[in-house]
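Okay, thanks everyone, let me get the model up on the screen. I'll walk through a few parts of it, and please hold questions until the end.

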Amino acid sequence: MATQRMTMAQALVAFLKQQYVERDGVEQRFFHGAWGIFGHGCIAGIGQALQQYPDFRYYQSKNEQASVHIAAAFAKTKNRMGTFACVSSIGPGATNMITGAAMATINRVPVLLLPGDIFARRNVAPVLQQLESEQGQDVSVNDAFKPVSRYWDRINRPDQLICSVVEAMRVLTSPAQTGAVTLALPQDVQTEIYDYPVEMFEKRVWHIARPEPERAMLARAAEMVRAAKRPVIIAGGGVLYSEACGALARFVHQTGIPVGETQAGKSSLPFDHPQNLGAVGVTGTPGANIAAREADLVIAVGTRLSDFTTASKTAFQNPNVRFLNINVAEMDAFKHAGLPLIADAREALEQLAASVNGYHVDAEYAARISAWKQRWEEETDRIYAMRHGPPISQGEAVGVVNRVSRPQDIVVGAAGSLPGDLHKLWRTRQPNGYHLEYGYSTMGYEIAGGLGVKMADPSREVYVMVGDGSFLMMSSEIATSVQEGYKLNIIVLDNHGFSSIGGLSRSIGSKGFGTDYRYRTGTGHLDGQTIPIDFAALCEGLGAKTTRVRTHEEYAQAVEAMSAADRTCAVVVEVDKEHRVPGYESWWDVPISTVSEIDTIREARARYEEAVKMERRLEVTSPALTPAKASEKVNQ
Ligand SMILES: Cc1ncc(C[n+]2csc(CCOP(=O)(O)OP(=O)(O)O)c2C)c(N)n1
Ligand SMILES: [Mg+2]
């Protein structure tokens, strides 16, 4: 067997640069390089290997959490057909990536994490940044990656790498399993040698499967659709990942079934598609939420059915509602006691379309769908046309960016009040034109994520809309976008604190406690003047060409100028924290203190107790797989 003597780190990089993926006959490189920050736990190992292989490009992030966000955003924009490796030192560099790992795993996007780890040799322990454990010597902070990784391994001998990297690739390229994969790399082992088989470094192409639905299940699914009077589709991220947008459009054109989009699924259809009712769930439109409430059949495609989508299980009130779940992941396919159609979204939609040929929703339902759509367009126009303040309203701020952006451009967001406003109001025109990280809703994702999006498709302008709170949590990658020459359009919406959680606090009776950026006063509370934070100076300081604006006209002009510029720019605008885009026909379960000395909290609790009664136990009350046929068999 031909072998090559290399360090473990060199072998790892040499392997990664040869990994490709293929779907529908299209082959692509899987790893587009490595993001990372070097420290003593990786500089001499992985750091040296990256230096040795410049064709596997090293990118320098400014925070390890950002590395993972960049990689995940890139992967999401590439419909999971490409990603980055993320390298860190041991200790805090490593644990900085845990938030990103959770975010990637929850959103089901592939990222490869390579945290440095404590010496396998052990004799010099405790090393700098080592968590010592009295229980055993095989414990390090990297064990904290286990629950947030879909695959986790520690490479304690250089030859272990050979087995681990192929397992890592199996998971990263599995449509059902993908998420964060962590290979913890002890500092000493990274530099140790082994005679690796040369075959390990040959080009390897991983096929991304499109599993087809089981025939019997497809027949039952078709029966369910044919019997449905008020069906609705919930389109999740799986529609985009599977590149099933065309199949979805054909299916709903043929059947007339309306679509509600989740945060991850928004942009599955253009906003003006006749069957697209827009956002569904807590941050949904009235039409989508009324359709969900009355539906007798919910066809959930590529969605996890999170509480924001199901309005904490209050969204579906038809007593006879049934679920048909099209999903590659078994766990999701079985949710709400649905009929599990375990399959690739595109395959399943195409085959289901053929099986329900001739079916169409009735004229009355079709008319209601059109009316809901029209009313929603009027409502969006109303909010976009607002001329509030200054400070301006966030709804009109979204409207300006939507108007200035081209159909192919991408809006990016993650946390605060923007995800709700964007989910409702953003008019998406092309697939992936809407990029919200709302599986984990990580404050600080926006700018790093925007960079990953831009790198995945530099032909599209990227508009990062970020709240002041999120901005303060992580804005460091502005500098990286300048360093790498990837242009971002950043809009900082300054409302001096947390509009979202402030509003939530009021709704639970707590009057906004702790959600403003204010000085502490003699009362002992944070109830003084607003603390001045110069966001424009911060953006400018990190390298963005920045404009500070106040009126609607100044803002619109600045956004236009920014979109025409050829480098990273920022616009900072104050928005009225109390002027919110309303919620429509939905509810979210946030439990409220059962006892309290504050009147407003007691009142909120009373309202809560009423609302929570609407929650349904769909896992037992909506069985689509009726036991009839099974029991017949048992009796024979
Ligand atoms: C890392 C992280 N910490 C805390 C939260 C909880 N949280 C959600 S939104 C929010 C406030 C966001 O403030 P800002 O970015 O200014 O947006 P706004 O609510 O003002 O629109 C907080 C604290 C979170 N989502 N992520
Ligand atoms: Mg804010």
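On terms: helices (H or I, at least four residues) and strands (E, at least two) are DSSP runs, numbered from the N terminus, and two strands pair if DSSP finds at least two bridges between them.

Before I go on, the housekeeping. This is a predicted model, where local features need pLDDT of at least 70, side-chain atom pairs count only at pLDDT 80 or more, and totals for chains, interfaces and linings use all residues. Residues are numbered from 1 along each chain as its sequence is written, chains are lettered from A and ligands numbered from 1 in the order in which they are written, and side-chain values use heavy atoms, with hydrogens and water left out.

Okay, zoom out a bit. β18 and β19 belong to an open sheet of 6 strands, ordered β19-β18-β20-β21-β23-β22, with parallel pairing. Which strands stand at the edges? Those are β19 (434-436) and β22 (545-549), each with a single partner strand, so one side of each has no neighbour in the sheet. From one strand to the next, the twist averages 20°; for angles, axes are lines fitted to C-alpha atoms, for helices over the stretch in contact, and values run from 0 to 180 degrees between N-to-C directions.

Helix α17 (residues 445-456) packs on this sheet and touches β18, β19, β20 (462-467) and β21, with its direction at about 170° to that of β20. Contact here means heavy atoms within 4.5 Å. Then there's helix α22 (residues 552-564), which lies across β20, β21, β22 and β23 (569-574) and runs at about 165° to β23.

Buried or exposed? D468 is buried, at 1% relative accessible area, and G497 is buried too, at 4%. The cut-offs: buried is under 20% relative accessible area, exposed over 50%, partly exposed in between (1.4 Å probe, protein chains only).

While we're on burial, look at helix α16 (residues 418-425): 8 of its 8 residues are buried, so the rest of the structure largely encloses it. Among them are D421, H423 and K424.

There's another open sheet of 6 strands, ordered β5-β4-β6-β7-β9-β8, and its pairing is parallel. Here β5 (58-60) and β8 (151-154) stand at the edges, each with a single partner strand.

Last, a ring contact with a charge. The charged end of K266 sits over the ring of Y434, 5.3 Å from its centre. That label needs NZ of Lys or CZ of Arg within 6 Å of the ring centre and within 35 degrees of the ring normal.
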